[in-house]
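Reader: Hi! Could you walk me through this one? I'm new to reading structures.
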Amino acid sequence: MKPTDNFTDDQLELLADKARQGKISRRRFTQLGMALLGATAVATRGAPVLADDGHLVFVSWGGDAVDAYGEAYGEPFEEETGIRVRQDGSGPTEGAMQAQFESGSPTWDIMDADAFSAESLGKKGMIEPIDYDIVDKSKMREGFGWEYSASSYFFSYIIAYDATKFGDNPPKTMADFFDTDTYPGKRSMYKWGAGMWEALLMGDGVAQADLYPLDLERAHNKLKDFKQHVISFWGNGAESQTLMLNGEASMALIWSTRARLLEQDTDGDVSFTWQDGVISPGAMAVIKGNPGGKDAAMKFIASAQDPEKQLVMFNMLSQGPANPAADDLIPEDERRFNPVAPDNFAVQVPLDVAWYEENYGPALDEYLAIVSA
């Protein structure tokens with residue numbers, strides 16, 4: 001299971017919770033779900049959608065939305081181009097993307113892919129290079145437009161903490177997360193590794209500027225020594241939130257989207273810090289030889305760069321906009337929740353896509369062996 005798989009599923013779950021609580025209508029849930037998935041029609045996970053002439057298929061990690069069109073991405077794109085986008089929820093794992101290409105007749109067009117997977121497959125000739133004559137690189141944050149994938153949103157792995165215990169002296173750095181003498185209590189960490197190697201190394205004294213290439217031996221030795229303090233390695237966002245709400249963990253390394261909810265739902269009894277967070281990008285990629293045509297797929301990616309559309313996703317799910325022009329559209333009192341707001345970005349470290357492209361699989365195997373030991 002990949003980080004994107006978990007995170008995208010969690011975003012859909014948050015939307016569903018809002019709908020069940022009556023905070024948004026069923027129609028609004030569908031519209032926002034479509035904006036999240038970057039598509040204009042929904043199929044259940046595992047039910048592939050074939051491209052018709054004049055249509056595109058966007059492959060995501062599935063969802064509960066049922067209506068045909070999404071307000072944020074779908075309707076404007078169809079109005080602009082006449083091209084309708086259908087959604088396939090079967091999940092663009094690296095293996096599935098490779099199988100699509102190797103079939104000789106791919107049915108997928110655009111994918112909500114891990115950037116490091118897209119880059120790896122692109123170098124093997126399976127993913128189209130991003131056409132930066134169509135996709136506007138100036139509408140991306142510097143360093144987040146790759147050869148075979150384009151950033152579409154951001155979230156962070158950050159420290160959430162029990163402010164009722166540490167209110168007068170809250171944790172300020174990743175080293176504090178690992179300091180159980182000064183900050184007693186159990187901890188929680190992410191099961192699937194991403195962001196945790198960086199946290200372990202910063203907790204062991206490595207400066208942000210010196211993190212990459214990650215010293216896995218040092219990180220895993222730190223994990224072995226610290227594991228006794230970890231009450232749970234969470235696998236989904238709801239679990240990470242529950243561990244903090246019920247007091248089982250005094251601190252957790254969690255997604256920034258969940259940290260915001262925790263602070264709001266507890267009236268500040270659980271808070272968070274951006275310091276030493278790890279910024280992670282979501283990305284879009286296009287399968288080589290896609291049936292809907294490369295240019296149409298690139299136009300869809302370009303359409304999704306609209307800051308107004310990205311603002312919708314921040315308002316509902318706290319996703320950081322890929323287009324920095326969206327930052328100024330966020331109300332001032334909400335900007336502290338944006339993982340890529342300038343002040344927040346400045347104290348974090350961006351996940352190194354190139355390192356993950358080369359090392360994620362073997363690194364995760366070693367990490368999970370320690371977790372399960």
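Reader: Which exposed residues does α9 carry on the face turned away from its buried side?
Author: That face carries Glu-217, Lys-224 and Asp-225. Exposed means over 50% relative accessible area, buried under 20%, and partly exposed in between, with a 1.4 Å probe and protein chains only. Keep in mind that this is a predicted model: local features need pLDDT of at least 70, side-chain atom pairs count only at pLDDT 80 or more, and totals for chains, interfaces and linings use all residues. Residues are numbered from 1 along each chain as its sequence is written, and side-chain values use heavy atoms, with hydrogens and water left out.

Reader: Okay, and which residues of α9 are buried?
Author: In helix α9, residues 216-226, they are Leu-216, Ala-219, His-220, Lys-222, Leu-223 and Phe-226. Looking down the axis of α9, these buried residues fall within an arc of 155 degrees, so they line one face of the helix. The arc is taken from the directions from the helix axis to the C-beta atoms. Helices here are DSSP runs of H or I with at least four residues, strands are runs of E with at least two, and both are numbered from the N terminus.

Reader: What covers those buried residues of α9?
Author: The cover includes α7 (174-177), β5 (187-190), α8 (196-203), β6 (230-234) and α15 (353-372). A contact means heavy atoms within 4.5 Å.

Reader: New topic: how many aromatic pairs are there?
Author: The count comes to 24. Rings of Phe, Tyr and Trp (its six-membered ring) pair if their centres lie within 6.5 Å; planes under 30 degrees apart are stacked, over 60 edge-to-face, and the rest tilted.

Reader: How are the rings of Phe-116 and Tyr-360 arranged?
Author: Theirs is a tilted pair, 5.3 Å centre to centre with 45 degrees between the planes. Phe-116 lies in helix α5 (residues 115-122) and Tyr-360 in helix α15, so the pair ties together parts 244 residues apart in sequence.

Reader: Are those two buried or exposed?
Author: Phe-116 is buried, at 9% relative accessible area, and Tyr-360 is buried too, at 4%. Both belong to one aromatic cluster, along with Trp-197, Phe-233, Trp-355, Tyr-356 and Tyr-367.

Reader: Last one! Which ring does the charged end of Lys-137 sit over?
Author: The ring of Tyr-132, 4.6 Å from its centre. The charged end of Arg-187 sits over the ring of Phe-177, 5.5 Å from its centre. The rule is that NZ of Lys or CZ of Arg is within 6 Å of the ring centre and within 35 degrees of the ring normal.
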